[in-house]
Amino acid sequence: MTKVLMKGNEAIAEAAIKAGCRYFFGYPITPQNQIPEYMSKRMPEVDGTFLQAESEVAAINMVYGASGAGARVMTSSSSPGISLKQEGISYIACAKLPCVIVNIVRSGPGLGGILPSQADYFQAVKGGGHGDYRLIVYAPASVQEAADLVMESFEASDFYRVPAMILGDGMIGQMMEPVEFKAPKKRDLPKKDWAATGWDDKSRKKAVINSLFIEAEKMQDVCIELDKTYQKIKENETLFEEYMMDDAEVCIVAYGTTSRIAKNAIVTARENGIKTGLIRPITLWPFPSDIIKKAASKVDAFLTVEMSMGQMVEDVKLAVNGEKPVSFFGTTGGVIPTPQNIFDELKKIKEGI
Amino acid sequence: METVFEKPKMFNSEKMHYCPGCTHGIAHRLVAEIIEELGMQDRAVGVAPVGCSVFAYKYLECDMYEAAHGRAPAVATGAKRVHPDNLVFTYQGDGDLASIGAAEIVHAAARGENITAIFINNAIYGMTGGQMAPTTLVGQMTTTSPYGRKSEQSGYPIRVSEMLATLEGAAYIERASLHDIPNINKAKKAIRKAFQTQIDKKGFSMVELLSTCPTNWGKTPLDSLEWLKKNMIPYYPLGVFKEVE
């Protein structure tokens with residue numbers, strides 16, 4: 001298949017269609033509007049369903065209904081809208097319903113602004129909603145990778161019965177880049193014999209899509225079961241990229257849009273004698289702690305760069321576990337770091353080594 | 001011996017958690033009977049709410065969901081859009097449907113979503129211990145209106161059936177009551193009509209069932225039935241508010 005030039009948001013929507021998603025429930029919010037717009041045009045062409053819900057709250061509950069009925073389903077929104085979806089996401093996680101939730105992050109807190117930000121890291125990887133649950137969180141750094149990860153996320157979500165999140169930002173969503181739609185590695189997906197499809201097949205149990213467990217021991221059992229799945233995901237689904245790490249003295253940790261700016265800074269740094277490399281988490285949960293821990297025995301220092309006041313840096317510090325100094329550089333509110341900003345930070349670190 | 005009455009097969013032997021004298025049991029039975037009479041047990045998919053009927057999924061022998069508070073119409077929308085030939089219904093109380101879920105029920109009706117809502121109006125929050133509901137009558141005492149509901153402070157009870165009947169997408173809306181046998185029989189007919197509306201793909205249908213809550217009203221089951229008749233029916237008149245041919 002040849003490459004086509006597409007906006008990130010549109011590539012995300014088309015990738016979902018290509019992955020067999022036939023149900024989309026959304027609500028307008030900038031900067032993700034091209035996803036529902038594209039779906040509203042495209043779904044009728046593939047006999048799918050696009051529905052503009054009355055709110056993000058309703059949209060995520062429609063996802064609960066459609067996923068519970070056995071369908072591949074997606075919703076998308078942006079930060080404040082994702083906050084509204086959190087109740088539903090928690091129910092979906094507990095009821096073990098597969099689905100894909102796209103967050104094209106804008107700045108915050110509050111209504112914030114519409115420019116690129118990575119300030120929803122905590123919300124995406126540390127729960128967001130209530131209770132003991134996780135999402136598989138993918139952070140694409142290009143339009144191509146956004147398309148690849150959307151297709152992968154449907155497979156992984158169906159495989160583990162764990163909801164997946166695509167965490168992008170306005171840059172990923174609005175930027176145009178060439179993209180090719182490549183089918184992900186096929187998995188041996190379990191049959192959805194738990195789905196509420198109408199109980200005509202009495203060889204299966206009555207389907208109950210539920211997250212209510214009033215007995216303490218039963219609720220604990222549910223959480224233990226979920227955690228067993230999460231441990232498997234940690235073992236098998238952690239994704240990351242290493243860039244120029246072979247001889248690196250300083251290791252930058254950055255994801256998504258920021259990692260691309262960091263790569264530019266690394267070129268400049270190396271021209272100026274600062275041997276710098278990059279570890280780029282592609283999954284934010286599970287977090288690539290092991291590879292960062294390994295790097296800690298080789299490099300002299302770490303620099304975490306984010307478009308936030310410092311969120312992922314906490315996980316980097318946990319992985320490094322005090323073995324080497326971990327610095328942080330961040331811009332937030334929609335301000336995008338420049339390669340020069342990052343290079344200046346690297347110079348400071350080099351002087352301190 | 002001749003069998004004159006049987007519980008519907010759609011009811012399992014799970015012990016119900018409802019208080020003695022509560023009309024939920026009657027409402028559940030009517031829903032189960034109608035689904036059986038329509039021969040739709042294998043196609044029925046129910047959505048339980050948050051509130052007293054949160055455990056409805058345990059009692060009905062069909063595929064079931066348990067939804068977040070107020071969101072049953074959105075969940076039912078997702079379920080129905082995936083399997084349009086299933087008989088999808090929500091079973092919601094007044095706190096769930098008329099307060100926290102007001103947006104979901106209004107928009108499900110406005111879309112003409114081809115689902116059926118069974119709406120239990122007992123003018124109070126039951127499960128949480130008798131707080132004021134959007135349907136609590138002016139003057140009615142609850143644990144959060146201990147001096148009686150004051151309209152100056154808390155406004156007026158919502159007539160959901162009348163409100164939804166104004167929407168183009170609503171195809172069948174009726175309010176019935178469970179306070180005596182003739183009215184229970186009328187309620188059963190209303191539920192049948194609502195489900196038939198869905199089977200005929202006419203759009204959104206809802207039956208509001210005036211119900212009692214002896215425990216939280218602080219009344220005996222018999223006094224509760226009488227209180228419903230004397231106080232609720234004058235404010236919540238019975239009848240068909242919308243019927244699309």
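Because the model is predicted, local features need pLDDT of at least 70 and side-chain atom pairs count only at pLDDT 80 or more, while totals for chains, interfaces and linings use all residues. Residues are numbered from 1 along each chain as its sequence is written, and chains are lettered from A in the order in which they are written.

**Domains of chain A**

- Chain A is divided into domain 1, covering 4–202 + 206–237, and domain 2, covering 241–352, with bounds that come from an automatic or database domain assignment.
- The C-alpha centres of domain 1 and domain 2 of chain A lie 28 Å apart.
- Where the two domains of chain A touch, 27 residues come from domain 1 and 22 residues from domain 2, two residues being in contact if their C-beta atoms, placed from the backbone, lie within 7 Å.
- On the domain 1 side of this contact, the elements giving two or more residues include β6 (113–116), α5 (121–125) and α8 (216–237) of chain A, and the largest share, 4 residues, comes from α5(A). Helices (H or I, at least four residues) and strands (E, at least two) are DSSP runs, numbered from the N terminus.

**Chain B**

- Chain B has 10 helices and 7 strands.
- The radius of gyration of chain B, taken over C-alpha atoms, is 17 Å, close to the 18 Å that the globule rule gives for 245 residues, so chain B is as compact as a globular protein of that length; the rule is 2.2 Å times the number of residues to the power 0.38.
- The C-alpha atoms of chain B fill a box of roughly 50 × 50 × 30 Å, taken along the principal axes.

**Contact between chains A and B**

- The contact takes 34 residues from chain A and 27 residues from chain B.
- On the side of chain A that touches chain B, α3(A) gives the most, with 9 residues, and the residues of this side divide into 19 nonpolar, 11 polar and 4 charged.
- Strand β10(A) and strand β2 (residues 63–66) of chain B pair in the parallel sense over 2 bridges, pairing being assigned if DSSP finds at least two bridges between the strands.
- Within β2(B), B:Met64 is the bridge partner of A:Val208.

Definitions and conventions. Nonpolar A, V, L, I, M, F, W, Y, C, P; charged D, E, K, R; others polar.
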